[in-house]
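Please examine the architecture of the model shown below. The account that follows takes its helices in turn and then its sheet.

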Amino acid sequence: MLVTALEPRRKRLTALFLDGELAAKLDAETLLQSGLRIGMELDDEELYRLIQRSDAHRAQEKALYLLEHRSHSKKELADKISRTAGREAAERAAERMEELGLVNDAQYARNLAEELLQRKRFAARRAEYELLQKGIDRALAQEIVEELAPEPEESLRFLLERKYQRSLSDEKGRRRVFAALQRLGYSGEDIRTALRDYIDYENED
């Protein structure tokens, strides 16, 4: 196959045309290192290796870019990279970031669980669900949430006092609070108990 054109594209990519047809989009660095020029011959195996190298390079660059902005779980990182490069290259890049210590699922899960349970006051089951959605192993998610989660009544009391106190003066407001607490993952039974205890306590004053 004959290289008939090399055309710049967005995001530092170059379109490679073979025999007049678009064959691949390669990153500029991989293309430069290959020494490829218009008029050169390229067989299927050479094209495949070139695409693999470009995918790997783009995946590594994307991984580093994403990790500069915030931490990610290994699966979350691979999923995002795969939008730019192939799935295989994305998973290899995520594994490489893990080897370098830039990705650590246990630490990521702990940090996220602390945020959800202690700052946002999610219920344990909602926090565990969020960790699973980020690709954290179920056993690890359960272990960390079990370790960090306050008792439901403690978190519910905190939320009622700090966030929802003004909404508890009438039935309509209490229904809205009930629905909001359910969205945080609390059971109906725990919410009803917390509301009853809190209102009784307030009435005593």
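The axes of H3 and helix H4 (residues 87-99) cross at roughly 140° and come within 8 Å. Here an axis is a line fitted to C-alpha atoms, for helices over the stretch in contact, and angles run from 0 to 180 degrees between N-to-C directions. Helices (H or I, at least four residues) and strands (E, at least two) are DSSP runs, numbered from the N terminus. The model is a predicted one, in which local features need pLDDT of at least 70 and side-chain atom pairs count only at pLDDT 80 or more, while totals for chains, interfaces and linings use all residues. Residues are numbered from 1 along each chain as its sequence is written, and side-chain values use heavy atoms, with hydrogens and water left out.

The crossing of H3 and H4 is right-handed; a crossing has this hand if the near helix is turned clockwise from the far one by less than a right angle, and is left-handed if anticlockwise. On the H3 side, Lys74, Leu77, Ala78, Asp79 and Ile81 take part, and they meet Arg87, Ala90, Glu91, Ala93, Ala94, Glu95, Met97 and Glu98 in H4. Contact means heavy atoms within 4.5 Å. By class, the residues where H3 meets H4 comprise seven nonpolar, no polar and six charged. In this classification Ala, Val, Leu, Ile, Met, Phe, Trp, Tyr, Cys and Pro count as nonpolar, Asp, Glu, Lys and Arg as charged, and the others, Gly among them, as polar.

Helix H3 (residues 74-81) also packs against H2, at an angle of about 125° and with the axes 10 Å apart. H2 is therefore oblique to H3. This crossing, too, is right-handed. From H2 the contact draws on Ala59, Lys62, Ala63, Leu66 and Leu67, and from H3 on Leu77, Lys80 and Ile81. Six of these residues are nonpolar, none is polar and two are charged.

The remaining helix pair is H2 with H4, whose axes cross at roughly 50° and come within 8 Å. That angle makes H2 oblique to H4, and the crossing of H2 and H4 is right-handed. H2 contributes Gln52, Asp55, Ala56, Ala59, Gln60, Ala63, Leu64 and Leu67, whereas H4 contributes Ala89, Ala90, Arg92, Ala93, Arg96 and Met97. The contact of H2 with H4 contains nine nonpolar, two polar and three charged residues.

Helix H2 (residues 44-69) lies across S2 and S3 and runs at about 40° to S3. Within helix H2 is Ser54. Is Ser54 buried or exposed? Ser54 counts as buried because its relative accessibility is 1%, where buried means under 20% relative accessible area, exposed over 50% and partly exposed in between, with a 1.4 Å probe and protein chains only. Leaving aside residues up to four places away in sequence, Ser54 touches Lys25, Leu26, Asp27 and Thr30.

The sheet itself is open and has three strands in the order S1-S2-S3, with antiparallel pairing. Its edge strands, each pairing on one side only, are strand S1 (3-9) and strand S3 (21-27). From one strand to the next the twist averages 25°. Two strands are taken to pair if DSSP finds at least two bridges between them. Strands of a sheet pair through backbone hydrogen bonds, either parallel or antiparallel.

S1 pairs with strand S2 (residues 13-18) in the antiparallel sense over six bridges. Across this pairing, Leu6 stands opposite Leu16 in S2, and Pro8 stands opposite Thr14 in S2. S1 and S2 form a hairpin with three residues between them, and Lys11 in the turn has a positive phi of about 60°. Lys11 is exposed, because its relative accessible area is 72%. The C-alpha atoms of Lys11 and Ala28 are separated by 9.4 Å, although these residues are 17 residues apart along the chain.

S2 and S3 also run antiparallel and are joined by six bridges. Phe17 stands opposite Leu22 in S3. The hairpin of S2 and S3 has two residues between the strands, and there Asp19 takes a positive phi near 55°.

Key
Parallel < 35°, antiparallel > 145°, perpendicular 65-115°, else oblique.
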